Amino acid sequence: IDAACAVWEETRAEGLTVLLRKRQWLATTPLEVRLLTALKTGRRNLLVELGPDAIEPAVRACADADPEIAAQARTFLSELQPAAQIEAFCDWLVHNEDSGLRKLAVEKTYAPRDPSKRALFYFLTGQTERFEALDFDRSLLRAHYEVADDDLRLAIAARVRASGRPELAAVIQGARERRTLS
């Protein structure tokens, strides 16, 4: 079954698709093929058992050429229940730009449990009121900016510029000054 599912994933052959559905085949490995076969056979509920590791392949599946798989992947991401999967999805969104998936996360009120990560998530997803309520003095955002890699710094800086709020620019400027002094 795993071999047949791997060939199906590579070729998307019509005959294998029919067999996959008829027999309800589900690959055991690799993870990406397991996820795709679960989506194609309409068994999204099985993806919960994969834990947070299912998030990145599910995000990639949202852009699958098969519209059925892409729709099932979006539905899976919109129905996340385990906290670990929600955390992994939010973390992915912090480090990757996808406006459609960010909108989905905001609509579903997904957010990391840790207040510091939640502040950054709210900021990057444009949830201004929630961000302001949580990080009124911008100390959490400043702390993230100071330790962030270059890509995350650029994302934070872009969001600051897009906000048009000069008081947020102090977060970036202050971090640059501290780095220069050290």
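## Rings, charges and a helix face

The charged end of R153 sits over the ring of Y145, 5.6 Å from the ring's centre. The model is a predicted one. In another contact of this kind, the charged end of R12 lies over the ring of W8, at 4.9 Å from its centre.

Y145 also belongs to helix α10, which covers residues 139-147, and is one of its buried residues along with L141 and H144. Looking down the axis of α10, these buried residues fall within an arc of 100 degrees, so they line one face of the helix. An α-helix has 3.6 residues a turn, so residues three or four places apart point the same way.

Rings can also pair with each other. A pair of aromatic rings is described by the distance of the centres and the angle of the planes. The count of aromatic pairs in this model is three.

F89 lies in helix α6 (residues 83-95), while Y110 lies in the loop between α7 (99-107) and α8 (115-124), so the pair ties together parts that are 21 residues apart in sequence. Both F89 and Y110 are buried.

Are F121 and Y122 buried or exposed? Both residues are buried.

Methods. Residues numbered from 1 in each chain as written. Predicted model: local features only at pLDDT ≥ 70, side-chain atom pairs only at ≥ 80, totals over all residues. Heavy atoms only, no water. Buried < 20%, exposed > 50% of the residue type's maximum accessible area, 1.4 Å probe, protein only. Helix = DSSP H or I, 4+ residues; strand = E, 2+ residues; numbered from the N terminus. Arc of directions from axis to C-beta. Phe/Tyr/Trp six-rings, centres within 6.5 Å; stacked < 30°, edge-to-face > 60°. Lys NZ or Arg CZ within 6 Å of the ring centre and 35° of its normal.
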